[in-house]
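Visitor: Could you take me through this chain by question and answer, giving the cut-offs as each term comes up?

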Amino acid sequence: MKRIFLLSAATIISAALSAQTVARMDDLKPEQKSMAVSLKLTGELSTDNNSDYRQLRDLCFQTRSIDLSDAKSQDVPKNAFHSRHQLEHVILPKALKTIGSQAFFACDKLQDITIPASVTSVGAAAFSGCKSMTVLTIEGSPVIGEYAFARMTGLKTVKVDSKVPPKAAVSSFYGIAPGTVRLVVPKGSEGAYRKAAGWSRFYAEPKMASEVSDPLTCLTPYPSEISMSKGAKAVNVHTAWNIMTPKMDGKSHVLASEVEQARDILTNRIGNVVNSRQRGVRLVLALDPSLDDDEAYTLQVKGDEVSINGKTQRGVFWGLMTLDQILRGSGTKDCVDAIPQLTIKDTPRTHVRELMVDPARTFIPFDELKAFIPEMARYKLNALHLHLVDDQACLVTLGSGRHTGSLQRLLHPGADARACGLCGKVPYRDCARD
């Protein structure tokens, strides 16, 4: 019996490790999809609903190598392989025409990729965050979207076969420092690449146009009220900043966390002297009990002062998130050059602003789940709804009681998520604390 069991186990492991060749994903059994390490698809691949690409992403979570060279597919849809952290090698279809936005976003073990000559466009952030990729080959001349190959920190060589530089955005290769990546282009075309938008980054730091932030287009969610000071001079932000809190009857210490958050925002965005003795911009944080909601805040930019008032610490925090978005502007660089003088009055339309995440169908490692929280805060979301299982009979212990359902209260004040049989007590306590 033991020998039979070992032989069966060996057969299963061998099948999982060996490359499986099928026409489409529907030709594989569920257990084959979940155990597949290497796959080759040769048929006509679907892109809608429960498509071949969606099954590759959501059901083949152990797959490290995918060969689509003989597959009949003209489009790799957006988010096709988003955050597939085990994926190491991909061969794209020979007749491929478009690669959608974020198609391979954060595939941080992907080692190399060849863009076939047939491809006409590579979408925004298509390969952004592929930090293990060392070699990128572009055989044709596709239009390359914003941040398509950004933050590829391990990149060593980029080979382009086209004598004419493919059209690229200034941010297409964001994060590449001049001289750190070898750009191989046809002989005699180096001069054209040196001058071309996006490609010039390989030779020298790009000269970015001066940008004054436009809050009417860069704020999400849009505030309740916003008014711009017509004719007022924009405030230069690349200078010294001084973070200040009024005495507030000796209670200014209640904003200590918000002061620290403000310092982090300014350091990350501007990288300049904060709280120096130099004259610059004053950032004043204060509480205003006259506001009508605990999460309400006002933000005013006037002269060389930016003031944020909130009824509570939460209101001040949301005001800082708004300031961070204004400093980011269009997103083409880390920080704008100036911000307009304005007044913002904001109050929440609803007090539960929820993000629903579904780790039941697609497993999300806990560290990645925690990374959602600061991004939720950036957009003023305050509740994390976790779809942990599909079984309605699953019981989750919150504190001393037993309750069915989700952990919707996880980020709410007072929520006690100390125990969950599926993911463990400590992780959820950490998540709630963060």
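Guide: A residue counts as buried under 20% relative accessible area, as exposed over 50%, and as partly exposed in between, with a 1.4 Å probe and protein chains only. This is a predicted model, in which local features need pLDDT of at least 70 and side-chain atom pairs count only at pLDDT 80 or more, while totals for chains, interfaces and linings use all residues. Residues are numbered from 1 along each chain as its sequence is written, and side-chain values use heavy atoms, with hydrogens and water left out.

Visitor: Is lysine 40 buried, partly exposed or exposed?

Guide: Lysine 40 meets aspartate 70 in a salt bridge of 3.2 Å, N to O, a term for a side-chain nitrogen of Lys or Arg within 4 Å of a carboxyl oxygen of Asp or Glu. With a relative accessibility of 23%, lysine 40 counts as partly exposed.

Visitor: Is aspartate 58 buried or exposed?

Guide: Aspartate 58 forms a salt bridge with arginine 54, the closest N and O atoms being 3.5 Å apart, and another with arginine 57, at 2.8 Å. Arginine 54 and aspartate 58 both lie in helix H3, four residues apart, about one turn of the helix. An α-helix has 3.6 residues a turn, so residues three or four places apart point the same way. Whereas arginine 54 is partly exposed at 43%, aspartate 58, with a relative accessible area of 17%, is buried.

Visitor: How do phenylalanine 149 and phenylalanine 173 pair, stacked or edge-to-face?

Guide: Rings of Phe, Tyr and Trp (its six-membered ring) pair if their centres lie within 6.5 Å, and planes under 30 degrees apart count as stacked, over 60 as edge-to-face and the rest as tilted. By this rule the count comes to eleven aromatic pairs. For phenylalanine 149 and phenylalanine 173, the centres are 5.5 Å apart with 15° between the planes, so by the rule for rings the pair is stacked.

Visitor: How many residues apart are phenylalanine 149 and phenylalanine 173?

Guide: Phenylalanine 149 sits in the loop between strand S10 (143–144) and strand S11 (157–160), and phenylalanine 173 in the loop between S11 and strand S12 (182–184). Both phenylalanines are buried, and the pair links distant parts of the chain, the separation being 24 residues.

Note on methods. Helix = DSSP H or I, 4+ residues; strand = E, 2+ residues; numbered from the N terminus.
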